Amino acid sequence: IHSGTRSGVVQLLASVVTPSDTINSEIVRLLIHAGLPDQAHFSIALDPINLPGLVYNGRTSSVTTIVGDQYGNPVPSGTAVYFTTSIGIVTTSTGFTDDNGFATVTLYTGNPRGDSGFGFVSAFTVGEGGATITDSARMLFSGSPILTYTGPDTFSIVRGGSISFNVEVDDVFGNPLTEGTEISLRVDSESDIGISSPFTLGDTQSQGLGRTQFIFTITDIVEDTPVDGAVSARVRIVWEGQTFEVPIASGTITSPGP
């Protein structure tokens, strides 16, 4: 039996006809699957999508393609997939699909560093009639932390009140820092105060609130015996095993007037 162009199940039955009887074999079922790669069933993904590639060489991201045929089945194991990149270095020797249609290689940080930290990793294979099947994914090589604070240098909080600070923490191109970076507000105060929770970054390429822009709040906790006092605030950044602290403002907590 030779497979055709459609996936599915084939049942085979062998029969022998004698002058007195017909002898049938047991039914044998064959699964016809795993055609050539199909563009609609070809995709690529990166994990992570943000590496500190503007600073370090040799950091890695897994590049994985999943390859299916036109019927949505995995292509045959061992189907070759070629990888190339405009950012860093990507391996390609392990670019052969497994039984489930996955092929995985490794992207390493290094030159070239991309346009403003961004570049694309691409994968190619061959489909029916020699057609090129391809997909690509965007990669970010981010840099070390840069903090920007444009608020007032001094402030005053009336007892029981609060004040908020807007800060920007990103790299030289304004892109977010790497996953696991922790950004928090640290306060030295002679009074009991509350501060907002720290931010821990996920794996992202997006800018905006909670990614490159952060809002922190200091709130005075009213005591039975209020005490006026000085307050100083600084932002702490823990990034890639390093800790940075940047003073941003200082002020006082004062009792309200009569």
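**Exercise 1.** Determine which residues Thr-84 touches, leaving out residues up to four places away in sequence.

*Solution.* Contact is taken as heavy atoms within 4.5 Å. With that cut-off, Thr-84 touches Val-90, Phe-120, Val-121, Ser-122 and Phe-124. The model is predicted, so local features need pLDDT of at least 70 and side-chain atom pairs pLDDT 80 or more, while totals for chains, interfaces and linings use all residues. Residues are numbered from 1 along each chain as its sequence is written, and side-chain values use heavy atoms, without hydrogens and water.

**Exercise 2.** Classify Thr-84 and Ser-61 as buried, partly exposed or exposed.

*Solution.* Buried means under 20% relative accessible area, exposed over 50%, and partly exposed in between (1.4 Å probe, protein chains only). Thr-84 has 29%, so Thr-84 is partly exposed. Ser-61 has 2%, so Ser-61 is buried.

**Exercise 3.** Find the backbone atoms that the side chain of Ser-61 reaches in Asp-47 and Pro-48.

*Solution.* A polar contact is a pair of N or O atoms within 3.5 Å; within protein, one must be able to donate a hydrogen and the other to accept it, and residues adjacent in sequence count only if both atoms are side-chain atoms. In Asp-47 the backbone nitrogen lies 3.3 Å from a polar side-chain atom of Ser-61. Ser-61 itself sits in strand β7 (residues 60–67).

Note on methods. Helices (H or I, at least four residues) and strands (E, at least two) are DSSP runs, numbered from the N terminus.
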